[in-house]
Amino acid sequence: MATGQRVCAASEIGPEEARRFTVDGIDVAVVRASDGSLHALNDICSHEEVSLSDGFVEGCALECIGHGSAFDLVTGAPNVLPATEPVAVYALTVEDDSVWVDTSIVQNRAASSS
Ligand code: FES
C-alpha cells in the first residue's frame, strides 16, 4: 500500500528524467533511471545548495550540475568528489500509475533526511 504523498503520474516522468516536487516541506527529486525504475532523492546536493533535479541522469545515478558529483539513485552516495556525503533516498511507491513519496521513510540510513 502506498504511503506518503502522491506527487504525479508515473507516465509523467520520462526516460532519464528528473523532476522536483515538494513533499512535507522537503524538495524531492523524482528520477527515472535508465532501466526505467523510479527513485526519490533529496533534491539538494550534499555539497552545496544546488538542485539535483536540474542535473543529468546517467544509468542509475543523478549528476549534479554544480560540480559533477553523481549520486547513486539507490544508495544516495556520490561517486566522485567534491561531494562526500550521501543524499537521502526516500520510499517511493507506484500504485495505479500514481507515484507516491514518503519522506518519513529514508531508505539509506547513513543519510540524514534533510
Ligand atoms: S553543488 Fe553538487 S557537486 Fe558541488
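**View 1. Leu 41 and its contacts in the predicted model.** The model is predicted. Beyond its neighbours within four places in sequence, Leu 41 is in contact with Ala 29, Val 31, Leu 52, Leu 62 and Phe 71, and also with Leu 73, Gly 76, Val 87, Ala 88 and Val 89. Across the strand pairing, Leu 41 of strand 4 stands opposite Ala 29.

View 2. Six strands form an open sheet, in the order 1-9-8-4-3-2. Pairing in this sheet is antiparallel. Strand 1 (5-9) and strand 2 lie at the edges, each pairing on one side only. From one strand to the next, the twist averages 30°.

**View 3. The pairing of strands 3 and 4.** Strand 3 and strand 4 run antiparallel and are joined by five bridges. Ala 29 stands opposite Leu 41 of strand 4 in this pairing.

View 4. Three strands form an open sheet in the order 5-6-7. The pairing is again antiparallel. The edges are strand 5 (56-58) and strand 7 (70-72), each of which pairs on one side only. Twist averages 30° from one strand to the next.

**View 5. The pairing of strands 5 and 6.** Strand 5 pairs with strand 6 (residues 61-63) in the antiparallel sense. Three bridges make up this pairing. Phe 56 stands opposite Glu 63 of strand 6.

**View 6. The whole chain, for context.** The protein has nine strands and zero helices. From the N terminus on, its elements run β-β-β-β-β-β-β-β-β. The radius of gyration is 13 Å, close to the 13 Å that the globule rule gives for 114 residues, so the protein is as compact as a globular protein of that length. The C-alpha trace spans about 40 × 25 × 20 Å along its principal axes. Of the 114 residues, 39% count as buried. Among contacts with a separation of 6 or more, 42% come from residues 24 or more positions apart.

Definitions and conventions
Residues are numbered from 1 along each chain as its sequence is written. This is a predicted model: local features need pLDDT of at least 70, side-chain atom pairs count only at pLDDT 80 or more; totals for chains, interfaces and linings use all residues. Helices (H or I, at least four residues) and strands (E, at least two) are DSSP runs, numbered from the N terminus. The radius of gyration is taken over C-alpha atoms; the globule rule is 2.2 Å times the number of residues to the power 0.38. A residue is buried if 20 or more other C-beta atoms lie within 10 Å of its own, exposed if 12 or fewer, and partly exposed in between; C-beta atoms are placed from the backbone. Two residues are in contact if their C-beta atoms, placed from the backbone, lie within 7 Å. Two strands pair if DSSP finds at least two bridges between them. Axes are lines fitted to C-alpha atoms, for helices over the stretch in contact, and angles run from 0 to 180 degrees between N-to-C directions.
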